[in-house]
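Student: I would like to go through this model and ask what the terms used for it rest on.
Tutor: Go ahead, and look at the sequence and structure as we talk.

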Amino acid sequence: MDQATLSEKLGDLGLGPIRFFISVDSTNNLAAQWAREGAPNLSLVVSDEQTAGRGRLGRRWYTPPGAALAFSLILQDITQEAITPRNMLSRWTALGTLAVCEALKQGYPKGLYPEIKWPNDVLVANLKLAGVLCETYWQGEQLQSIILGIGINITSESVPSADLLDFPATCLEDEVKTHVDRWDLLHEILDKLLYWKKLLPSPAFIQAWENRLAYRLEWVQVLNENGSSLEGKVLGLQSDGALELLTRSGSRVNLQAGEIHLRPLKNPS
Ligand code: BT5
């Protein structure tokens with residue numbers, strides 16, 4: 001792939017300019033820098049390899065060459081969607097996960113059941129296939145830009161060894177048992193993303209997100225970064241994107257998308 005070919009391939013989507021790299025540290029870093037320098041809305045950074053790809057809270061995201069999709073979309077016209085308050089920001093992360101799910105479902109309608117592991121992962125067959133890192137840049141209370149970074153494992157080379165993972169992972173080719181054209185998939189993901197972006201403030205968006213939610217009506221353990229944990233049954237989503245759980249004592253708890261992890265509970269007592 002090269003920049004001109006990719007720009008042509010994605011040309012019908014109405015994106016901003018596209019920068020394609022063979023290798024970068026992190027597409028989110030390059031996108032943030034470009035946004036500061038005045039990148040137009042919907043500019044896109046794509047790289048074949050990332051040498052220091054990032055997950056949340058300084059965690060690593062592995063993107064070896066020739067094996068995955070790694071890209072970052074720059075969103076500058078955020079007020080247009082009219083959901084700038086901080087408590088609505090989880091919708092932007094969900095936009096990435098939902099777009100990946102819908103593109104996968106469209107491409108592989110039979111046999112692939114992508115789900116959103118709240119707040120930022122895409123699972124297939126209970127294995128992590130993709131992750132979203134949404135970063136915001138503010139000037140005071142004014143949201144300037146959002147960088148929506150998405151990483152998807154395509155070939156088996158993209159799946160890190162188990163010792164590097166905090167949740168078991170897979171790649172698309174292993175799940176669909178056939179060759180995948182990652183650039184076709186990129187086109188479809190961006191297409192879905194632009195579609196749902198327009199609907200971001202609507203109840204239909206929350207509904208579509210909730211329809212893809214993993215572990216619905218199942219018991220999960222919620223692990224906090226501070227070491228505390230909570231067990232609950234996943235009920236669904238609140239209108240602000242909070243995850244609603246029913247605890248063992250019968251109370252309802254709404255989780256905001258902070259630094260927490262969900263784990264399925266195999267044998268709830
Ligand atoms: C994420 O974080 O899942 C967000 C990943 C976002 C990556 C994209 S790629 C384009 C853009 N540029 C960037 O630098 N980042 C974005 P989190 O939920 O914190 O998960 C991180 C954890 O996922 C790590 O601690 C590993 O356990 C695991 N992991 C790392 N690489 C993986 C991979 N290729 N496949 C599956 N799991 C992986």
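Predicted model: local features only at pLDDT ≥ 70, side-chain atom pairs only at ≥ 80, totals over all residues.

Student: Where does aspartate 121 lie, and why is it called buried?
Tutor: Aspartate 121 lies in strand E5. Buried means under 20% relative accessible area, and aspartate 121 has 5%, so the word applies.

Student: Lysine 128 was named above; which residues are closest to the ligand?
Tutor: The closest are Ser26, Arg54, Arg59, Lys128 and Asn153, out of 30 residues that surround the ligand. These 30 divide into ten nonpolar, 13 polar and seven charged residues.

Student: Which helix and strands each supply at least two residues of that shell?
Tutor: They are helix H2 (27-36) and the strands E3 (68-75), E6 (127-139) and E7 (142-153).

Student: How do you know that polar atoms of the protein lie within 3.5 Å of the ligand?
Tutor: Take the distances one by one. A ligand oxygen is 2.7 Å from a polar backbone atom of arginine 54. Another distance, 2.8 Å, separates an oxygen atom of the ligand from a side-chain N or O atom of arginine 59. A nitrogen atom of the ligand is 2.8 Å from an N or O atom in the side chain of asparagine 153. On its own the ligand has 790 Å² of accessible area, and the protein covers 97% of that. The ligand sits in the largest pocket.

Student: Why is threonine 155 called buried?
Tutor: Its relative accessibility is 13%, and the limit is 20%, so threonine 155 is buried. Threonine 155 is in the loop between E7 and helix H4 (172-176), and its side chain makes a polar contact of 2.7 Å with the side chain of glutamate 157.

Student: What makes serine 90 buried?
Tutor: The value for serine 90 is 15%, and the limit is 20%, so serine 90 is buried as well. Serine 90 lies in helix H3 (residues 90-107). A polar atom of the serine 90 side chain lies 3.2 Å from the backbone oxygen of aspartate 240.

Student: Leucine 42 and leucine 217 are both leucines; why is leucine 42 called buried and leucine 217 exposed?
Tutor: Leucine 42 has a relative accessible area of 11%, and buried means under 20%, so leucine 42 is buried. Leucine 217 has 59%, and exposed means over 50%, so leucine 217 is exposed. Leucine 42 is in the loop between H2 and strand E2 (44-50). Leucine 217 is in the loop between helix H6 (203-211) and strand E8 (219-224).

Student: What is phi at leucine 42 and at leucine 217?
Tutor: Phi is near 65 degrees at leucine 42 and about 60 degrees at leucine 217.

Student: Which residues does the cis peptide bond join?
Tutor: The cis bond joins tryptophan 118 and proline 119, with omega about 5 degrees. Proline 119 is in the loop between strand E4 (115-117) and strand E5 (121-124). Most peptide bonds are trans.

Methods
Residues numbered from 1 in each chain as written. Heavy atoms only, no water. Near = heavy atom within 4 Å. Polar contact = N/O pair within 3.5 Å; in protein donor to acceptor, adjacent residues only side chain to side chain. Areas by Shrake-Rupley, 256 points an atom, 1.4 Å probe, with all protein chains shown as cover. 1 Å grid on protein atoms, 1.4 Å probe; cavity = no way out; pocket = protein on both sides within 12 Å on 5 of 7 lines; lining within 4 Å. Sits in = over half its atoms within 2 Å of the grid points. Helix = DSSP H or I, 4+ residues; strand = E, 2+ residues; numbered from the N terminus. Nonpolar A, V, L, I, M, F, W, Y, C, P; charged D, E, K, R; others polar. Buried < 20%, exposed > 50% of the residue type's maximum accessible area, 1.4 Å probe, protein only.
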